[in-house]
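User: I would like a close look at one part of this protein. Please keep it plain and give the cut-offs.

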Amino acid sequence: MNSTMQDAPLSITELFRHGAQVFPDSEIITFEGEQARHTSYAKVAERVNRLAGALRTLGIVPGDRVGTLCWNHQEHIEAYFAIPSMGAVLHTLNLRLPPPQLAQIINHAEDRVVIVDDSLTPLLASVIDQCPSIENVIVVGSGEVSGLGEPLAYETLLAAESPTFAWPEIDERSAASMCYTTGTTGDPKGVAYSHRSVYLHSFAVWATFHLDDRGRLLIIVPMFHVNAWGTPYAGWLVGSDLLLPGRFLQPQGLCDFIRQERPTFTGGVPTILTALLNHVQANGGDVSSIKTAVCGGSAVPATLITAYRDVLGIELWQAWGMTETSPIAAIAFPPKGTAPEDEMIYRSKTGRVVPGVELRLVDDSGAEIPHDGEAVGEIEVRGPWITASYYNAEAPEKFHDGWLRTGDVGNIDARNYVQITDRSKDVIKSGGEWISSVELETLLVGHPAVAEAAVVGVHDDRWAERPLALLVLKPGASATPDELRDFLAPKVARWWLPERWTFVDELPKTSVGKLDKKLIRAEYGREKFSVIELEHAKR
Ligand code: AMP
């Protein structure tokens, strides 16, 4: 029997229309260093129409890719709505990629137009000769432009267009936007989100993050990385004020913006939220307007969650996801009835699967293993906002009977709480047993002297692999390897304790701020670190 329901397409055009009509007075606020630029949804909506007109005048038709090389700001929001709603595909370019990789993804996506910030024109200029698909460059801002000849000016183009655009009917399964993986384990691969997947994911983000039109959402996660976790679309859908920090992502800039504009909610990777906490502890700063922050992208140390609660009065929610999962797949809320003293057991887990996503755990042979909170395997996911393939790239090893292989290793309990212990490529196998590098790292940053920690497996003649701990100490702090082992000893099995230690000024990170363990292992191989080996601790 057929249903009697209407078949309205699930599209970004619909998200856009709803926010614009229902919340015309909600604000879009861009930080510009000292001052913030305020505008309303109604004004932005008109400019979205003009931008679509301008792109059509330039010959952009449905299916064409339009790149953005931009920080988080009002014009990037305009591109987020105009490009998909006109049927074209928004390709957010990661401005931290090394130029050869940037050129590679522009070429792979065949971007016809790139919208670029004036401050980022030198970066685009460094690759444009190698990117034959780019026909037009549109520059946002009136600052100096370097190396791009006479590009088009964003404001001039918008001024020449009509404030209304005839939005086409959209096939909800067509591509709306795309983002490339960061390529730490191979070439970057393109994930193309559909209108339908963005629409459904927005509803999930709205519900999971408890967003509404009273909220003021500070979007720190870069809009070039997985649609800033979907927060611009979900926030707009429900009329939250969107606060965009531009390129002012250093703790001082964020603190100034927070003090001036008083966001209620934010999100970010652990490195950024740790830097903000350290800054406030060292220099003071009023971040009291923020009630909740979502943290994910890499493991969130329990000590960060408690410090946010105790020092800043902010509830920190750990979430898990990846470029391929749009990204929201799990969030760590304690189950109802949890006693206050047990809350941290759940808050420090990776997360509980969100509605719409299914999880399973498989062993090395691909056989399913139980969700008992103990058995360890690779996590596989499926659902309407999980990718089923990569754009124009074969990667059969990433999929398994219709499930995405996440490459994350861990356990799942009976209520579908996930605990990630490693990336499969980073697992340390010592004498046939697994050591969780993630757990050692999150424990080590709980030591008062440690600012950052990375643990990787390195060759050992006796045990095949043993953990090497790399640490960045806090300014002025000191700690010896023996002290750090004593600190870890009551918390982990004895054979997990590293006997190789190195202290560095900085840990290698990827373009989205995650530990670059591939590089760490390579640098260890090239003997770039001076390693302290504790002979007395060797087993
Ligand atoms: P990306 O596609 O660059 O966003 O990276 C996704 C990967 O980040 C995941 O596969 C995980 O390995 C890691 N990740 C994301 N969130 C978490 C989390 N809460 N805990 C541990 N790892 C995480």
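User: Which residues does the domain assignment of the protein give to domain 1 and to domain 2? Please then describe the interface of domain 1 and domain 2, and finish with the residues that surround the ligand.

Analyst: This is a predicted model, in which local features need pLDDT of at least 70, side-chain atom pairs count only at pLDDT 80 or more, and totals for chains, interfaces and linings use all residues. Residues are numbered from 1 along each chain as its sequence is written, and side-chain values use heavy atoms, with hydrogens and water left out.

Domain 1 is given as 9-188 + 224-239 and domain 2 as 428-537; such bounds come from an automatic or database domain assignment. Seven residues from domain 1 and five residues from domain 2 make the contact (heavy atoms within 4.5 Å). Taken over C-alpha atoms, the centres of domain 1 and domain 2 are 40 Å apart.

The size of an interface is often given as the accessible area lost when the parts come together. Between domain 1 and domain 2 about 490 Å² is buried, with 59% of this from carbon and sulfur atoms (accessible area, 1.4 Å probe, lost by two parts on being put together, summed over both). The side of domain 1 that touches domain 2 has one nonpolar, five polar and one charged residues; Ala, Val, Leu, Ile, Met, Phe, Trp, Tyr, Cys and Pro count as nonpolar, Asp, Glu, Lys and Arg as charged, and the others, Gly among them, as polar.

As for the ligand, 14 residues surround it, and the closest are Ala 319, Thr 323, Asp 408, Arg 423 and Lys 514 (a heavy atom within 4 Å). An N or O atom in the side chain of Arg 423 is 2.8 Å from an oxygen atom of the ligand.

Technical notes
A salt bridge is a side-chain nitrogen of Lys or Arg within 4 Å of a carboxyl oxygen of Asp or Glu. A polar contact is a pair of N or O atoms within 3.5 Å; within protein, one must be able to donate a hydrogen and the other to accept it, and residues adjacent in sequence count only if both atoms are side-chain atoms.
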